[in-house]
Amino acid sequence: MNRNVRAVRGYLSNYIRNEFDNPFYASFKITHRCNLRCGFCNVWADKIPDLGTNDVFTVIDNLSQASTFTISFEGGEPLLRKDIGEILRYTHDCSNYILFTTNGLLIDRRPFAEYARYFDFLQLSIDEGHNNVHMFDRLGFFSDLGIKTTVQTVVTKHDLDKIEEKVEKVHAHGHKILIMPAFNFDGTEDLTPDLMALREVVTRLKREYGNTLTTSRSYIESFDQPYTCRTLSIMIEPNGDIIYPCMPIGTKLGNLLENDLQSLMTSERAQADREQMLRCDRHCLIYCHAETSHLMSLRKLVPYARDIVTFRTFG
C-alpha cells in the first residue's frame with residue numbers, strides 16, 4: 001500500500017475510534033553502540049546486542065505489515081552499523097517514511113550521500129551534551145546534498161543561554177531545529193533545565209524565526225500544563241524487543257522476530273499498558289510520546305502543520 005494512504009488511514013483509525021492501539025511511529029534503536037557518552041543518555045550503557053541484517057529486515061517487514069508508516073532509525077549511533085545502507089534501502093522499498101538520527105561525527109567516513117537517497121528526513125543531534133557543537137559549522141554540507149535536515153538539540157540547565165545562537169545558525173542554512181529539555185532517565189545526571197525559562201526562550205524564538213523551530217506550540221505549553229500521552233509510538237530495542245507503552249514505565253511487550261505487531265497491539269497486555277499510560281503523571285516530556293499525543297487533536301495538529309509547512313510565524 002502507498003505510504004501516503006497508510007498514513008491517512010493510520011491517523012484516522014486512531015482519531016475516529018479514540019483507541020490509540022494502532023501506533024504509526026516506530027522508534028527503532030537499531031544499535032546501542034555509540035561513539036559518545038552523553039551525560040543525559042543511558043542508552044550507550046545498556047549493552048543489548050545488535051540484530052543481524054536479515055533479522056533487521058524481518059523486523060521491518062513486521063512493521064510494514066502493521067499500522068506503522070514512519071520508522072525512525074536511532075541509537076546509539078546508527079552509522080556504526082556497517083550494513084546501515086542496506087537497511088535504509090530495504091526500509092525505503094517497503095514503502096515507509098524514514099527518519100534518520102545521527103550525531104554527524106562519522107559522515108566523512110561513510111557514503112552519506114548514498115544513504116541520503118533513502119531517508120526522508122535527517123535529524124542531527126547537536127548540542128553541548130553530545131560535545132559536537134562544531135557540527136553547526138557543517139550544516140552547509142547537508143544543504144548541498146539537498147537533505148531535509150532538522151537539528152535536534154537537547155537543552156540542559158547549563159546551556160539555556162546558547163539556544164538563540166543555535167537557532168540563528170540553523171536558520172541561516174534554511175534548515176529546522178527541534179528544541180527539547182533534557183530528561184532525567186534512570187542512571188543519568190539530572191540536567192533538566194528550568195522549564196519556565198526554556199518556555200519563555202523558545203516561545204520568543206518561534207515568534208522571531210517562525211517555522212525554523214519545529215517544536216510545537218502544544219509541546220511548549222505542556223512544560224507547565226498537564227497532558228496525557230497516547231500510545232501512538234513504539235520503541236524497539238536493537239534485539240527486536242518492543243518496550244511498551246513508553247521508556248520510563250514500559251516493559252517488554254514482545255519481540256518482533258517472534259510476535260506479530262498487530263496481534264501484540266490488540267492483546268490484553270497491551271490494553272493494560274495503554275491504561276497505565278493514561279494514568280501516568282510523571283510529566284517527563286519525552287518528545288516522541290508527548291508530541292505525537294498532542295497531534296491527535298485536530299485543534300493542535302492544524303497549527304503545527306501550518307508552522308512546519310508555511311512561513312507563518314508563531315503567536
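In the predicted model, Lys166 is buried, with a relative accessibility of 4%. This value falls under the 20% limit that defines a buried residue. The side chain of Lys166 meets that of Glu128 in a salt bridge, with an N to O distance of 2.7 Å. Because Lys166 belongs to helix H6 and Glu128 to the loop between E4 and H5, the pair ties together parts that are 38 residues apart in sequence. Glu128 itself counts as partly exposed, at 30% relative accessibility. A further network, formed by salt bridges that share partners, joins Glu164, Arg204 and Glu208.

Helix H6 spans residues 163-172 and packs with helix H7, residues 195-209, at an angle of about 25°. The two axes lie 11 Å apart. At this angle H6 is roughly parallel to H7, since angles under 35 degrees are classed in this way. The crossing of H6 past H7 is right-handed. Val167 is also located in helix H6 and is buried, with a relative accessible area of 0%. In space, the C-alpha atom of Val167 is 28 Å from that of Ala26, and the two residues are 141 positions apart in sequence.

Side chains of opposite charge can pair when their charged atoms come close. In total, the structure holds 12 salt bridges. One of them links the side chains of Arg33 and Asp50 at 2.9 Å, N to O. Both residues lie in the loop between strand E1 (25-29) and helix H2 (53-64), so the pair connects parts that are 17 residues apart in sequence. Arg33 is partly exposed at 41% relative accessibility, and Asp50 is likewise partly exposed at 27%.

The side chains of Asp108 and Arg138 also meet in a salt bridge, at 3.1 Å, N to O. Asp108 is placed in the loop between strand E3 (97-102) and helix H4 (112-115), and Arg138 in the loop between strand E4 (121-125) and helix H5 (139-145), so this pair ties together parts that are 30 residues apart in sequence. Asp108 is exposed, with a relative accessible area of 58%, whereas Arg138 is partly exposed at 27%.

Tyr15 sits in helix H1, residues 3-17, and is partly exposed, with a relative accessible area of 35%. Glu258, in the loop between strand E9 (251-255) and helix H9 (261-265), counts as exposed at 64% relative accessibility. The C-alpha atoms of Glu258 and Asn96 are separated by 21 Å, while the residues are 162 apart along the chain.

Note on methods
Residues numbered from 1 in each chain as written. Predicted model: local features only at pLDDT ≥ 70, side-chain atom pairs only at ≥ 80, totals over all residues. Heavy atoms only, no water. Helix = DSSP H or I, 4+ residues; strand = E, 2+ residues; numbered from the N terminus. Buried < 20%, exposed > 50% of the residue type's maximum accessible area, 1.4 Å probe, protein only. Axes fitted to C-alpha atoms, helices over the stretch in contact; angles between N-to-C directions. Parallel < 35°, antiparallel > 145°, perpendicular 65-115°, else oblique. Left-handed = near helix turned anticlockwise from the far one by under 90°. Salt bridge = Lys/Arg side-chain N within 4 Å of Asp/Glu carboxyl O.
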